[in-house]
Amino acid sequence: MSSSPSPSPALSARGSRLALLVVGLCWLAVLFDGLDMFIYGSVLPHLLETKTFGLTADQAGDLGSYATFGMLIGALTAGTVADRIGRKKLMVACVTLFSLASGICAMAGSVEVFGLGRTLAGIGLGGLLPTAISMVSDYAPRGRGAIIIGMLMTAHHAGGILSAYVAKWLIDPVGWRAAFWVCVLPLLFAPVLARFLPESLSFLVAKGRTEEARALAERYDVELPAAKGGRQAAADRWNSLLNLFRGGEWIQTLLYWLASFGGLLLVYGVATWLPTLMRAEGYELANALTFVVVFNLGGIVGMLVAGRAADRFGAPRISAIWFALTAAGVFLLSVHMPMGVTTVVVFFTGVFLNSAQTMIYATVSIRSTPDSRATAVGWTSGMGRFGAVFGPWLGGQLLAAGNGEFGFTAFAIAGLSSMVFIGIAALRTSKQAAQSGADQELVGAH
């Protein structure tokens, strides 16, 4: 922690400037992350209609799952790799990896090569987001960590909006490969990150570079993380994991994991198949891509309002309500309505869907003890990513079986299941939560 008990206005101003630099660079990195993640869903209707690579609906679902499986690997290994090479180097490596992987997709001559590119891209995408959240948390001004993370998460949906425009502008005149070449451009951003992004304070402290970390923290008036020995930290993590299953806690843990599974199935299933399913409902391709823009605009709004709603009414309650409203919105999308009505439904579905999963993490955070909170949230996110793999695959299987009209219904059922699981989990611990008085904390959603 900074040694100055009463930081001067000049120190606070420097801390704000450093936070702005770190958040700005991380925001751009997550923007490119979102672009690369959503671009596949944006070009998918064209790939299916032109039968590129002889692509079928079930193969398309498999390809969507390749990226999310890669994200699972990236998310699970990010912490270990970052502990070895540093948060900054890992972010640079992730941006480089998913940019080059998009180049593989752009040049692919077969569905196998394209799938390899999407898997490699997923590894980079999955490793970037938790690392970026860690970075902005390190450098956030005192008392502003939650809102800073919420601002960071808007970048992912801004990337989704950008992906729709890239597809609309380039597919017809140039071809689908051009959209993936655009996703290679973030490679030019990697040297900018390497040059201007400071190293994580947590990493510097963990590596024993305490003086360097303290000087940086005092210079910019940010908190210095507490140091822990490597063996002790590993033991603490193992004990924290075991604590999630001791006594009756295993029931609570499984409820959180099941809620997260359904939530991320919903998020990535809809993100992959929204344009294609809307196309199947009879909307023109241009309108289907417009829905992607509207959906992600709703996601940005949802990220900005979710924390405030949770602060007022409680994260568990908001999580359950958000999933119920998400399920209703997703189910309505299976009904062909006038364009204006559908646009409104898509927007509000985006508002609730994209922040409902965030509320699961917030619920887990406030229901966990301080010594196990990071482990509880991390494992809830990790188990949920199996749903992220399953969602795109499920959409493809339904379309391949000629049951595309049930796609939105299946995703709505996933939303209802998450509502039930998080609701039961909240009810089981409502008395303990009321006594704990724990502060609510907004955590990254994807």
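Biologist: What pLDDT does the protein chain average?

Modeller: This is a predicted model, and pLDDT is the predictor's confidence in each residue, from 0 to 100. Of the residues, 84% score at least 70. The average pLDDT of the protein chain is 82.

Biologist: Among contacts between residues at least 6 apart in sequence, what share join residues at least 24 apart?

Modeller: A contact here means heavy atoms within 4.5 Å. Among contacts in the protein chain between residues at least 6 apart in sequence, the share that join residues at least 24 apart is 83%.

Biologist: Which residues touch the most other members of the largest nonpolar core?

Modeller: That core has 129 residues, and α1 gives the most to it, with 18 residues. Leaving aside neighbours within four places in sequence, Cys26 is in contact with Met91, Ala132, Met135, Val136, Leu152 and Leu197. The residues that touch the most other members are Cys26 and Phe411.

Biologist: Is Cys26 buried or exposed?

Modeller: The cut-off for buried is under 20% relative accessible area. The relative accessible area of Cys26 is 0%, so Cys26 is buried.

Biologist: How many disulfides does the structure hold?

Modeller: A disulfide is a covalent bond between the sulfur atoms of two cysteines. The count in this structure is 0.

Biologist: Which cysteine has the sulfur nearest to that of Cys105?

Modeller: Cys105 is buried, with a relative accessible area of 0%. Cys105 is in no disulfide, and the nearest cysteine sulfur is 8.7 Å away. That sulfur belongs to Cys183.

Biologist: How many residues apart are Phe32 and Phe189, which form an aromatic pair?

Modeller: Their rings are 5.4 Å apart centre to centre, with 65 degrees between the planes, and the pair is edge-to-face. Both residues, Phe32 and Phe189, are buried. Phe32 is in helix α1 (residues 9–49) and Phe189 is in the loop between α6 (176–182) and α7 (190–196), and they are 157 residues apart.

Biologist: What angle lies between the ring planes of Phe347 and Phe348?

Modeller: Phe347 counts as partly exposed at 25% relative accessibility, and Phe348 is partly exposed at 43%. The two rings form an edge-to-face pair, 5.3 Å centre to centre. The angle between their planes is 85 degrees.

Biologist: Over which ring does the charged end of Arg195 sit?

Modeller: The charged end of Arg195 is 5.0 Å from the centre of the ring in question. The ring is that of Phe196.

Biologist: What distance separates the C-alpha atoms of Leu332 and Val345?

Modeller: Leu332 is found in helix α13 (residues 315–332) and counts as partly exposed at 36% relative accessibility. Leaving aside neighbours within four places in sequence, Leu332 is in contact with Met337 and Val345. Leu332 and Val345 are 13 residues apart along the chain, and their C-alpha atoms are separated by 7.5 Å.

How values were computed
Residues numbered from 1 in each chain as written. Predicted model: local features only at pLDDT ≥ 70, side-chain atom pairs only at ≥ 80, totals over all residues. Heavy atoms only, no water. Phe/Tyr/Trp six-rings, centres within 6.5 Å; stacked < 30°, edge-to-face > 60°. Helix = DSSP H or I, 4+ residues; strand = E, 2+ residues; numbered from the N terminus. Buried < 20%, exposed > 50% of the residue type's maximum accessible area, 1.4 Å probe, protein only. Lys NZ or Arg CZ within 6 Å of the ring centre and 35° of its normal. Core = buried A, V, L, I, M, F, W, Y, C linked by side-chain atoms within 4.5 Å. Disulfide = S-S within 2.5 Å.
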